[in-house]
Amino acid sequence: MTSCSARSSSHSITLTSAPGKVLVVGGYLVLDRNYSGLVVGTDASLYAAVQEQTFELSDFTDGASKSIPILVVSPQFQSAWWNYAFDTESSKLAQRRSADQDTNGFVQVVLEVTLGLVNYQSPEALQRLLARSEGQTSAAGLKIVLSADNDFYSQRETLARAGLNLSSESLKRLPRMCETGTTLKGVHKTGLGSSAAMVTSLVACILVHFNIISVSHLQPGKRLDSEHVRSLQLIHNIAQYAHCLAQGKVGSGFDISAAVYGTHVYRRFSPAVLKEAMDEGRNIADIAHAVLPSNPGWNSDVEVVTIPPRFILRLADVDVGSNTPSMVKKVLYWQEAHQDAARALWNSLDTANNQIRELWGKLVSNYENDCLEYNQAIDWCSVHKCSDWKNGCSNASNSTVALLCKLVDGIKQVRALQRKLGDNAGVPIEPPEQTKLLDACLEVPGVCMAAVPGAGGYDAIFCVTLGQDSSAAVESLWSSWKAMSVGPLLANQASSGVCVIDSTVYPEIMAYF
Ligand SMILES: Nc1ncnc2c1ncn2[C@@H]1O[C@H](COP(=O)(O)OP(=O)(O)O)[C@@H](O)[C@H]1O
Ligand SMILES: C[C@@](O)(CCOP(=O)(O)OP(=O)(O)O)CC(=O)O
């Protein structure tokens, strides 16, 4: 079944992207505002593109005359198109047709909230669209295309269908943003946070398209003055709110924060800021007030972090899978039942987590102070196992080597505490199968960090290597690993968050307009 017809249009296309996330350290702690987490943004992104088009009204039957038709497509998935009508009088969004009566709660909530705010703040933007409607049979509306880099979804089946093995080399041969061959409900996700990145990208796309935010505020690398900061805060607040509403709960929000700001240390916001806006009886004024950048209730902290030069983040999904909400529930249950022990463990974990980011900071300073010495240290360590770094380095006084040794000890300490938390709460945060794999990764020359990200479990692992050779060696370990199927992702770390991009760079997306 195909979606309703839209007439091709010469109107401009607004395209935005938002990165995926890896919670390197801070899982569980980040749920509590007294603690923070180090989250790294990825160079795999989720894209949202919007263009004004004209639609046949018959595809939006019973649409009110003050309604704007909206067609959303996510062409990488089967049956992934949804028709909506946004009523500018009530600011309500109604779903019209879709394939197999499918719904997409995240898309629907983002559209209702963001268009509702546009309508509240700048009603003329939507009235301009209504005024363009051509008469009884057609109406001006929005076509939205959503697309994701391949890493967000497991490519195991696509590779198998193409007769390719599970490796980076094979992944590089797949077309960008390729079809998954399945539905959104059936797809296997890799843990990069597709809903948060999609929500953030779509919120930004609509705000930019209707000039609520200036395009210049979302150019990568240009986000220093207060206007830019306010624009990012607005996207952040709306995206956090829409994500919470779609999920039916207020989570820690680190995934949205990563999608907005990229790599940083995150301290969560107090949920009270969203209380009225989450209530059933909410109105658009409550929502507009809640998401204001100047609302002091938004007390989350974003401390920008630089990843030490020449570090390479490598990710793999482990084809077993864990249920994060149920793990969180059990951990919080144990925390509640053993408050003193939990506080002590949370504090130890926090100290170990903070040490990781302090060491990253010191490594960056070393690079800035003496990049020659830094590079010599990385060159040497990249071809030796971390267990040999302490004794083997001829230049033992090189402080970069000393910091790298501390980093290895630091991540081992974090892992030991995560295992302790898992044992206490009866949750496999770093299960024995993952321990074996991670220990083996740390035996590969040039690997300085290896752990389970986020909630842990059987979902994924990450490694930090000091060079391409080391990355290749890690990958060959993964491909030879028999106990579990370890699938590499292509994504590496990235520092930038949500941004506007030139649509001509992505013909794959433009092809759907
Ligand atoms: N490419 C996409 N197109 C449309 N909707 C998407 C896309 N990716 C994610 N979503 C939305 O996000 C939901 C997945 O959210 P969730 O199960 O929380 O996974 P994740 O942990 O990756 O965020 C999907 O059911 C869909 O509503
Ligand atoms: C436990 C947590 O603190 C971190 C979970 O991080 P993941 O990266 O594992 O998240 P999912 O992609 O939702 O599985 C819960 C939270 O903060 O939401």
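Modeller: Let us start with the domains, whose bounds come from an automatic or database domain assignment. The model itself is predicted. Domain 1 covers 10-304 + 496-510, and domain 2 covers 312-494. Taken over C-alpha atoms, the centres of domain 1 and domain 2 are 31 Å apart.

Biologist: How many residues of domain 1 and of domain 2 are said to be in contact, and what makes a contact?

Modeller: A contact requires C-beta atoms, placed from the backbone, within 7 Å of each other. Contacts of this kind join 31 residues of domain 1 to 30 residues of domain 2. On the domain 1 side, strand 2 (13-25), strand 3 (37-56) and helix 4 (168-173) each contribute at least two residues. The residues on that side comprise 14 nonpolar, 13 polar and 4 charged.

Biologist: Why is Tyr28 called buried?

Modeller: The term applies when 20 or more other C-beta atoms lie within 10 Å of a residue's own. Tyr28 has 27 C-beta neighbours inside 10 Å, and therefore counts as buried. This residue is in the loop between strand 2 and strand 3.

Biologist: Is Ser91 buried or exposed, and how do you know?

Modeller: Ser91 has 20 other C-beta atoms within 10 Å, so Ser91 is buried. Its place is the loop between strand 5 (81-87) and strand 6 (92-98).

Biologist: What makes the phi of Tyr28 and that of Ser91 worth noting?

Modeller: Most residues other than glycine have a negative phi. Tyr28 is not a glycine, yet its phi is positive, about 70°. Ser91, not a glycine either, has a positive phi of about 60°.

Biologist: Why is helix 7 described as mostly covered?

Modeller: In helix 7 (residues 254-261), 8 of its 8 residues are buried; among them are Phe254, Asp255 and Tyr261. The buried residues pack against several elements, including strand 2, strand 3, helix 5 (194-209) and helix 6 (226-247). Just after helix 7 comes Gly262, with a positive phi of about 75°.

Biologist: Which residues are the closest to ligand 1, and which element gives the most to the shell around ligand 1?

Modeller: Of the 14 residues that surround ligand 1, the closest are Ser74, Phe106, Leu146, Ser194 and Ser195. Helix 1 (105-121), strand 7 (138-148) and helix 5 each give two or more residues to the shell. Helix 5 gives the most, with 4 residues. By class, the shell has 7 nonpolar, 6 polar and 1 charged residues.

Technical notes:
Residues are numbered from 1 along each chain as its sequence is written. Chains are lettered from A and ligands numbered from 1 in the order in which they are written. This is a predicted model: local features need pLDDT of at least 70, side-chain atom pairs count only at pLDDT 80 or more; totals for chains, interfaces and linings use all residues. Two residues are in contact if their C-beta atoms, placed from the backbone, lie within 7 Å. Ala, Val, Leu, Ile, Met, Phe, Trp, Tyr, Cys and Pro count as nonpolar, Asp, Glu, Lys and Arg as charged, and the others, Gly among them, as polar. A residue is buried if 20 or more other C-beta atoms lie within 10 Å of its own, exposed if 12 or fewer, and partly exposed in between; C-beta atoms are placed from the backbone. A residue is near a molecule or strand if its C-beta atom, placed from the backbone, lies within 6 Å of it.
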